[in-house]
Amino acid sequence: MLTIVFFAQTREIIDQGSVNIEFTTQLKDLETLRLLLISKGDNWDLALQRDKLLVAVNQQMTGWDTELKDGDEVAFFPPVTGG
Amino acid sequence: MIKVQQNDFDIAKLYQQLTDNQLNPNGYGAIVTFVGKVRDFNQQQHVSAMALEHYPGMTEKSLQQIIEQAKARWPIGEPIIIHRVGELQPGDQIVYIGVTSAHRKAAFEACEFLIDYLKIKAPFWKKEQTDTGYQWVDARDLDQHAASKWIEQ
């Protein structure tokens with residue numbers, strides 16, 4: 001199982017804070033996961049465009065070619081604006 | 001010390017913690033603090049309120065990583081970072097950073113490094129209430145630029 005969480009605009013556009021997805025070996029990296037999620041609908045496609053999207057695996061920011069494993073927590077969110 | 005909290009913070013108490021702390025020896029004669037407050041304008045628009053969201057767990061971890069980087073780079077005591085989340089009003093304090101060191105240069109530089117890196121690496125997101133409704137704040141290239149100066153050659 002993968003736990004996928006969303007924050008800020010990304011969460012608002014898809015109107016969900018988190019989803020769980022069954023892990024399969026076809027989900028080889030983050031880009032594959034992103035493409036799978038985009039296929040869920042137009043709002044997912046809008047929310048998960050790569051140009052303004054950051055991604056973290058197990059609470060560490062990382063790149064799109066990062067490989068996934070069962071049990072990972074994946075987070076999608078826009079560039080950060082704290083401080 | 002790192003705290004992500006809804007409540008306001010007391011600068012005088014934090015100063016005491018920063019300077020009384022056993023982790024910050026008396027030989028540390030330089031204390032630099034930064035406080036960020038909510039502005040009542042942004043991008044030419046009047047801001048009447050703000051909401052701050054974060055990623056519980058990852059936010060604290062990323063702040064700890066930024067602190068570790070600063071400690072590896074400058075001879076400083078244990079810094080304090082406080083960041084507020086939730087509903088805030090113009091004039092409210094948002095962020096506190098306190099750094100101690102033996103001399104001012106390291107304390108100034110480490111404090112600036114901490115706020116510059118916090119702004120581009122720590123998962124916080126601001127949403128502002130303006131005359132045209134609530135809108136998420138866009139990340140600014142200026143902040144990326146400010147942080148890029150700390151990249152070691």
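Predicted model: local features only at pLDDT ≥ 70, side-chain atom pairs only at ≥ 80, totals over all residues.

Biologist: How many helices and strands are in chain A?
Modeller: Chain A has three helices and five strands. Both are DSSP runs numbered from the N terminus, with helices being H or I of at least four residues and strands being E of at least two. The order from the N terminus is β-α-β-α-α-β-β-β.

Biologist: What order do the strands take in the sheet?
Modeller: The order is β2-β1-β5-β3-β4 of chain A, in an open sheet of five strands with mixed pairing. Two strands pair if DSSP finds at least two bridges between them.

Biologist: Which are the edge strands?
Modeller: In chain A they are β2 (18–21) and β4 (60–61), each of which pairs on one side only.

Biologist: And in which sense do β3 and β5 of chain A pair?
Modeller: Antiparallel, over four bridges between β3 (residues 54–57) and β5 (residues 73–77) of chain A. Within β5(A), A:F76 is the bridge partner of A:V55.

Biologist: What about the overall dimensions of chain A?
Modeller: The C-alpha trace of chain A spans about 35 × 30 × 20 Å along its principal axes.

Biologist: Now the interface. How many residues of chain A are in contact with chain B?
Modeller: 13 residues of chain A are in contact with 21 residues of chain B; contact means C-beta atoms, placed from the backbone, within 7 Å. On the chain A side, α1 (8–14) and β5 are the elements that give two or more residues. That side has eight nonpolar, five polar and no charged residues. Ala, Val, Leu, Ile, Met, Phe, Trp, Tyr, Cys and Pro count as nonpolar, Asp, Glu, Lys and Arg as charged, and the others, Gly among them, as polar.

Biologist: Last topic. Which residues make the contact between α3(B) and α4(B)?
Modeller: From α3(B) they are B:D116, B:Y117, B:K119 and B:I120, and from α4(B) they are B:D143, B:Q144, B:A146 and B:A147. By class, these residues of the contact of α3(B) with α4(B) are four nonpolar, one polar and three charged.

Definitions and conventions:
Residues numbered from 1 in each chain as written. Chains lettered and ligands numbered in written order. Contact = placed C-beta atoms within 7 Å.
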